[in-house]
Amino acid sequence: MTKLTKSDILGIGTSVPERVLTNFDLEKMVDTNDEWIRTRTGIRERRIIDDDENVSDLAARAARAAVADAGLSMEEIDLVLVASGSPEMIWPSTACLVQEKLGIKGCPAFDIQAACAGFVYGLAVADSFVSSGLYRRILFIGAEAMTRFLDWTDRGTCILFGDGAGAVVLGQAEESYGLLSHYLAADGSGADMLKIPAGGSGVSGERGAQTIHMRGNEVYKFAVKKLPAAVAGALEQAGMTVADVDYCVPHQANKRIIDAAVERLGLPREKVVGNLEQYGNTSTASIPLSLEKLVRSGDLKRGDIVVTAAVGAGLTWGANVIRWSGAAGGTG
Ligand code: COA
């Protein structure tokens with residue numbers, strides 16, 4: 001029988017588009033204002049993908065940086081996974097498009113769909129592959145061109161989202177380091193609360209359906225409950241409590257959701273890492289973008305306990321607990 005091993009984050013890399021769209025720019029596009037957006041969401045600006053780029057371009061850039069950070073070559077990658085709430089097309093998968101852009105030949109590639117919880121879900125999937133011994137070095141990317149799915153006349157959604165990508169390379173962990181536990185959950189009865197109805201086989205050609213439809217208040221209430229529940233669930237599975245956490249890296253949906261969740265958990269605010277002000281909600285990319293920021297800050301130390309957590313359409317929610325080894329970003 002294959003020996004079960006833990007996986008670890010060996011490398012991390014990110015990529016965001018250059019074009020910045022500020023709240024003041026949005027004031028000229030839709031009936032909103034900077035003050036409302038900042039106080040209700042915590043967002044000041046977001047990045048918008050260029051017209052001549054696609055989500056696989058952002059993903060490939062983040063992936064190159066992550067593979068370089070891991071000190072590996074592309075030939076050493078034996079599985080490509082992409083989580084995206086804004087995949088380039090239904091199929092082929094964005095993972096296949098990225099594989100081609102990276103010049104990787106032959107290894108399997110597929111997408112994971114868990115909307116904004118995709119990064120948390122994907123870490124669990126990748127970890128299981130490494131643990132089972134099926135794949136040794138996995139390139140996992142959260143990548144979004146979310147703004148391509150926005151209705152720029154809907155002020156309830158168009159102010160929230162932005163584009164970007166973050167990638168990690170997962171491989172075998174040193175004893176007691178790496179990914180320690182995962183908590184994943186879903187409730188399909190909430191599917192109607194947050195969705196992009198068209199673009200699949202369910203609805204064809206319905207005007208305006210290929211944009212984000214959201215019942216913001218209901219999503220807000222769901223997120224405030226489930227984000228802390230996910231953190232608590234993953235910590236329990238790791239045999240830990242909130243007191244063991246050094247850093248929490250929550251999905252960046254709304255500052256008020258994060259503040260409420262953190263308060264409910266009793267987690268000190270200074271342990272919470274984010275980038276909402278600068279990037280808005282970048283869905284599956286928000287956790288790796290925040291994690292990379294933490295890595296580059298120099299604050300993260302070998303042995304630190306990091307908890308990631310996310311909520312998303314589905315409804316989906318989940319969290320991961322990591323004991324940081326320092327393999328990524330030269331932080332060991
Ligand atoms: N600018 C100015 N006013 C706005 C506005 C905007 N962009 N959007 C809504 N408003 C107005 C509403 O029309 C309403 O006005 P009224 O009182 O005159 O009717 C008022 O602001 C309050 O609207 P409401 O929808 O209750 O605001 P809210 O406090 O719930 O904030 C969200 C709206 C979308 C910011 C909030 O519900 C939210 O963040 N929800 C979760 C969304 C999310 O994170 N989704 C992704 C999950 S992965």
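Domain bounds, as used here, come from an automatic or database domain assignment. The structure is a predicted model, in which local features need pLDDT of at least 70, side-chain atom pairs count only at pLDDT 80 or more, and totals for chains, interfaces and linings use all residues. Residues are numbered from 1 along each chain as its sequence is written, and side-chain values use heavy atoms, with hydrogens and water left out.

**Exercise 1.** State how the protein chain is divided and what area the domains bury between them.

*Solution.* Step 1: the protein chain comprises domain 1 (7-172) and domain 2 (178-326). Step 2: their centres, taken over C-alpha atoms, lie 14 Å apart. Step 3: with contact meaning heavy atoms within 4.5 Å, 50 residues of domain 1 meet 49 residues of domain 2. Step 4: the buried area (accessible area, 1.4 Å probe, that two parts lose on being put together, summed over both) is about 3900 Å², with 64% of it on carbon and sulfur atoms.

**Exercise 2.** Identify the salt bridge between domain 1 and domain 2.

*Solution.* Step 1: the criterion is a side-chain nitrogen of Lys or Arg within 4 Å of a carboxyl oxygen of Asp or Glu. Step 2: the count between the two domains is 1. Step 3: Arg 44 pairs with Glu 277, their closest N and O atoms being 3.3 Å apart.

**Exercise 3.** Determine which element gives the largest share of the side of domain 1 that touches domain 2.

*Solution.* Step 1: elements are DSSP runs, namely helices (H or I, at least four residues) and strands (E, at least two), numbered from the N terminus. Step 2: those giving two or more residues to this side include α2 (34-41), α5 (118-132) and β7 (164-172). Step 3: α5 provides the largest share, 7 residues.
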